[in-house]
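Here's a quick tour for anyone meeting this structure for the first time.

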Amino acid sequence: DEIANKVREVHWLPDGSGFLYNHLADVANPYTRRVRFHRVGTHPRQDRTLIEQDKQGPGAVTWGPFAHLSPDGRWAVVGHWMGSGVNDLWVMDFRQWLAGGEAARRPIVVGKEAQSGLPDTYLKGDPIQGDTLYMTTNLDAPFKRVVAVDLEDPDPARWRVVIPEKKGAALQKLDLAGGLLVATYLKDASTRIERFALDGTPRGELPLPGIGSA
C-alpha cells in the first residue's frame, strides 16, 4: 500500500490488519496534519480521520494532533497542542469508532495550562496496561508526577498518584520496561534515574558512573 503525505510514526492494530498514521492534507501547510486509519489492502481514499486540527477562535488553531493505540486495540488516546508546554488529552473507544460508530472523546486533561504525558514520548513498553494509562503530568505539580488513569473513568478526581512530585527534581520522562516504571529526573543539572513498581513502590535508583547527563 502506498500513502502519500504520510509523516511520523504509525500505531498498528494487534492483528496487523490496519494502523493509525499521521497525514498532511497539504504538504505545504503544517496545520493540515491529521491522524487517519488505514486498513491494509484498501485504497487510502477510503481512510477515515480520527482527529485533526481544531480551531479555537478567529485565526487560531491547535497543532500537532496525535493518537496512540493501546496494545489490545481497544483504546485510542488522542490529543493536540495549544503551545510548547500545553496539550489536551482525551480517550476514545477505538473499537466502537472502528466499527463505524461515533465514539465520543472523553476528556483526560482538557482546557488546562498543563502538559500531560504524550504517549509517543514513551520509549519502552507501553503506557497503557489493560484499562490503565500511566501518565506524566504537571497539572498541580510543576515538577511533574506520574498518575494512573482509569480509561473507563478518566476524571482527574479518580486519578491514582503512582509517583508523587519530587520538589527540586524535574521529571524529564517515563519509560516502561520489565514490568517497571523508570523515571528520569533532572536534579542539580544532572541526571537521576529511579525505578518503581507499577503500584509506585520504589525499586531503587540506577547507579550512574558519575555526575552528568544520561
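This is a predicted model: local features need pLDDT of at least 70, side-chain atom pairs count only at pLDDT 80 or more; totals for chains, interfaces and linings use all residues.

## Starting at R39

The side chains of R39 and S17 are joined by a polar contact of 2.8 Å. Residues are numbered from 1 along each chain as its sequence is written, and side-chain values use heavy atoms, leaving out hydrogens and water.

R39 sits in strand β3. Strands are DSSP runs of E with at least two residues, helices are runs of H or I with at least four, and both are numbered from the N terminus. With 34% relative accessibility, R39 is partly exposed; that label covers values between buried (under 20% relative accessible area) and exposed (over 50%), using a 1.4 Å probe and protein chains only. Setting aside neighbours within four places in sequence, R39 is in contact with D1, L13, S17, G18, D47 and L98, where contact means heavy atoms within 4.5 Å. As for D1, it is 38 residues from R39 in sequence, and the C-alpha atoms of the two are 9.6 Å apart.

## Rings and charges

How many aromatic pairs does the structure hold? There are five. To pair, rings of Phe, Tyr and Trp (its six-membered ring) need centres within 6.5 Å; planes under 30 degrees apart are stacked, over 60 edge-to-face, and the rest tilted. F37 and F94 make an edge-to-face pair, at 5.8 Å centre to centre with 70 degrees between the planes. This pair links distant parts of the chain, as F37 is in strand β3 (residues 33-39) and F94 in helix α1 (residues 94-98), 57 residues apart. F37 is buried at 7% relative accessible area, and F94 is buried at 0%.

F94 also pairs with W97: their ring centres are 5.5 Å apart and their planes at 25 degrees, so this pair is stacked. The two are three residues apart in helix α1, so about one helical turn separates them. W97 is buried too, at 5%, and R48 lies over the face of its ring, 3.9 Å from the centre. (A charge sits over a ring if NZ of Lys or CZ of Arg is within 6 Å of the ring centre and within 35 degrees of the ring normal.) R105 lies over the face of W90 in turn, at 4.5 Å from the ring centre. Elsewhere, ring pairs tie W12, F19 and Y21 into a cluster.

## The whole chain

Of its 214 residues, 45% are buried. The C-alpha atoms fill a box of roughly 55 × 40 × 35 Å along the principal axes.

Notes: A polar contact is a pair of N or O atoms within 3.5 Å; within protein, one must be able to donate a hydrogen and the other to accept it, and residues adjacent in sequence count only if both atoms are side-chain atoms.
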